[in-house]
Amino acid sequence: MSNSPSVAEVALPLERDFFLRSLVRELSGTLEEVVGLEEASGYISIVGDAIGRDMDAGYRGALQVDRLSADQVRDVLVDLKRRIQGDFFVIEETEDRIVLGNRRCPFGEMVAGRPSLCMMTSNVFGRIAADNLGYARIAIPQSIAQGDPGCVVVVHLRPPGEPEPGAREYYRRVHER
């Protein structure tokens, strides 16, 4: 007879959330290695766009509005990240932009070294802001994924005079009726 614990008693950080975050980390890492960071970001952006549309529809339905106001967009961006265990907060807000900070990534420690995962934030935020306000340009000059202590996400609400390197633009989708 062995004195070792049973399999069910072994302390492992294995549960659904950890498993799913590990899965996403490995998928993004594989994409980054096989097709490169830019292409991996493109694939992840497609997923982020679909999730952004779904989240936007959910919030608009719950709030019983056809379109979110700028204040509601700001609140939704912070709230949705809170609900998925991020820690986003408003740093600055003007008519032209919303600057958000983040102390905790929803992907947790799994985001380290996986900058393509920032496309989820870019596309979800960009889709929600653009579909409700007409336009958004998202820049992420600092991210936990790239080794920064926190994230800074700039949501521009007006088109730029000059193109901004690394920023992604989003336009209101024409909804099918």
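My entries below go from the overall layout to helix packing, and then to pockets and a cavity.

**Entry 1: ground rules**

I am working with a predicted model, in which local features need pLDDT of at least 70 and side-chain atom pairs count only at pLDDT 80 or more, while totals for chains, interfaces and linings use all residues. Residues are numbered from 1 along each chain as its sequence is written, and side-chain values use heavy atoms, with hydrogens and water left out.

**Entry 2: the layout**

I looked up the elements and found four helices and five strands. Helices (H or I, at least four residues) and strands (E, at least two) are DSSP runs, numbered from the N terminus. Along the sequence I read the pattern α-α-α-β-β-α-β-β-β. The C-alpha trace spans about 70 × 35 × 35 Å along its principal axes.

A reminder to myself: two packed helices are described by the angle between their axes and the distance between the axes. The axes are lines fitted to C-alpha atoms, for helices over the stretch in contact, and angles run from 0 to 180 degrees between N-to-C directions.

For α2 (residues 37-63) and α3 (residues 70-83) I noted an angle of about 115°, with the axes 11 Å apart. The two are therefore roughly perpendicular to each other.

The crossing of α2 and α3 is right-handed. A crossing gets that name if the near helix is turned clockwise from the far one by less than a right angle, and is left-handed if anticlockwise.

Which residues of α2 and α3 meet? I found Met55, Tyr59 and Leu63 on the α2 side, and Gln72, Val76, Asp79, Leu80 and Arg83 on the α3 side. Contact here means heavy atoms within 4.5 Å. By class, this contact has five nonpolar, one polar and two charged residues. Ala, Val, Leu, Ile, Met, Phe, Trp, Tyr, Cys and Pro count as nonpolar, Asp, Glu, Lys and Arg as charged, and the others, Gly among them, as polar.

**Entry 3: α3 against α4**

Next I took α3 and α4, which pack at about 155° with their axes 10 Å apart. They are therefore roughly antiparallel to each other. This crossing of α3 and α4 is right-handed. Among the residues in contact are Val73, Val76 and Leu77 of α3 and Val124, Phe125 and Ile128 of α4. I wrote down ten nonpolar, two polar and one charged for this contact.

**Entry 4: α2 against α4**

How do α2 and α4 cross? Their axes come within 7 Å and cross at roughly 45°. The two helices are therefore oblique to each other. The crossing of α2 and α4 is right-handed. The contact includes Gly48, Ile51 and Gly52 of α2 and Met120, Asn123 and Val124 of α4. Its classes are eight nonpolar, six polar and six charged.

**Entry 5: the pockets**

Rolling a probe the size of a water molecule over the atoms shows where empty space is left. On a 1 Å grid over the protein atoms alone, a cavity is a set of points where a 1.4 Å probe fits but cannot get out, and a pocket is an open set with protein on both sides within 12 Å along at least five of seven lines; lining residues have an atom within 4 Å of a point. Grid points are joined across faces, edges and corners, and a volume is the space filled by probe spheres set on the points.

The largest pocket holds about 670 Å³. It has 25 lining residues, and Arg21, Val24, Ile51, Phe107 and Met120 lie nearest its centre. Which element gives the most to this lining? I found that α1 does, with seven residues. The lining of the largest pocket divides into 17 nonpolar, four polar and four charged.

The second largest pocket holds about 330 Å³. Of its 18 lining residues, Cys118, Met119, Ile140, Gln146 and Gly166 lie nearest the centre. The largest share of this lining, four residues, comes from β3.

**Entry 6: the cavity**

I counted one cavity of 30 Å³ or more. The largest cavity has a volume of about 120 Å³. It is lined by 16 residues, with Asn102, Cys105, Cys118, Thr121 and Cys151 closest to its centre. Its lining divides into twelve nonpolar, three polar and one charged.

How values were computed:
Angles under 35 degrees count as roughly parallel, over 145 as roughly antiparallel, 65 to 115 as roughly perpendicular and the rest as oblique.
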